[in-house]
Amino acid sequence: MIVNISEAKAQLSKLIDRVYHGEKVVIAKNNLPIADLVKHQPAGKRKLGLLKGLLTLPDDLMEEDEVINAMFYGDED
């Protein structure tokens with residue numbers, strides 16, 4: 001179902017009821033589709049630890065690198 005913005009404003013409650021019952025409503029401006037009015041789908045919970053055991057970090061990860069320090073701070077000669 002396609003409705004223009006002015007009609008959508010006037011009939012929002014009815015359109016939401018139609019969406020609630022599974023219908024997709026397209027909102028248009030000058031008969032050009034702009035937005036879809038669809039039933040909300042929760043994103044679900046985040047899963048932590050998806051990469052556990054798949055990554056290895058080097059032991060010297062937090063050690064400073066002289067070359068990188070020189071690029072940021074210049075040579076201390």
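**Exercise 1. An aromatic pair**

Take Y73, with its relative accessible area of 67%: is this residue buried or exposed? Then work out how its ring is placed against the ring of F72.

*Solution.* A quick reminder before we start: this is a predicted model.
- Step 1: The cut-off for "exposed" is over 50% relative accessible area. Y73 has 67%, so Y73 is exposed.
- Step 2: Now the rings. A pair of aromatic rings is described by the distance of the centres and the angle of the planes. The structure holds one aromatic pair. In that pair, the ring centres of F72 and Y73 are 6.3 Å apart and the planes meet at 45°.
- Step 3: Planes under 30 degrees apart count as stacked, over 60 as edge-to-face, and the rest as tilted. With 45°, the pair of F72 and Y73 is therefore tilted.

**Exercise 2. The helix around that pair**

Look at α3, residues 66-73, and find out how many of its eight residues are buried. Then check what sits at each end of α3.

*Solution.* 
- Step 1: Count the buried residues of α3. You get zero out of eight, so this helix is hardly covered.
- Step 2: Go to the N-terminal end. D65 caps α3 there, with a side-chain oxygen 2.9 Å from the backbone nitrogen of V67.
- Step 3: Go to the other end. G74 follows α3, and the phi of G74 is positive, near 85°.

**Exercise 3. Reading the sheet**

Work out the strand order of the open sheet, then say which strands sit at its edges.

*Solution.* 
- Step 1: List the elements. The chain has three helices and three strands, and from the N terminus they run β-α-α-β-β-α.
- Step 2: Line up the strands. The three-stranded open sheet has the order β1-β2-β3, and its pairing is mixed.
- Step 3: Find the edges. β1 (2-4) and β3 each pair on one side only, which makes them the edge strands.
- Step 4: Ignoring direction, neighbouring strands are turned by 35° against each other on average.
- Step 5: β2 and β3 run antiparallel, with five bridges between them. Here V25 has L37 of β3 as its bridge partner, and V26 stands opposite D36.

**Exercise 4. The turn of the hairpin**

*Solution.* 
- Step 1: β2 and β3 form a hairpin with two residues between them.
- Step 2: Check N30, which lies in the loop between β2 (25-29) and β3 (32-37). Its phi is near 55°, positive even though N30 is not a glycine.
- Step 3: Check N31, also placed in that loop. N31 isn't a glycine either, and its phi is about 65°.

**Exercise 5. A charge over a ring, and the overall shape**

Find the ring that the charged end of K39 sits over, then compare the radius of gyration of the chain with that of a compact globule.

*Solution.* 
- Step 1: Follow K39. Its charged end sits over the ring of Y20, 4.9 Å from the ring centre.
- Step 2: Take the globule value. A compact globule of 77 residues would have a radius of gyration near 11 Å, but this chain has 27 Å.
- Step 3: Look along the principal axes. The C-alpha trace spans about 75 × 35 × 15 Å.

Conventions
Residues numbered from 1 in each chain as written. Predicted model: local features only at pLDDT ≥ 70, side-chain atom pairs only at ≥ 80, totals over all residues. Heavy atoms only, no water. Helix = DSSP H or I, 4+ residues; strand = E, 2+ residues; numbered from the N terminus. Pairing = 2+ DSSP bridges. Axes fitted to C-alpha atoms, helices over the stretch in contact; angles between N-to-C directions. Buried < 20%, exposed > 50% of the residue type's maximum accessible area, 1.4 Å probe, protein only. Polar contact = N/O pair within 3.5 Å; in protein donor to acceptor, adjacent residues only side chain to side chain. Phe/Tyr/Trp six-rings, centres within 6.5 Å; stacked < 30°, edge-to-face > 60°. Lys NZ or Arg CZ within 6 Å of the ring centre and 35° of its normal. Rg over C-alpha atoms; globule rule 2.2 N^0.38 Å.
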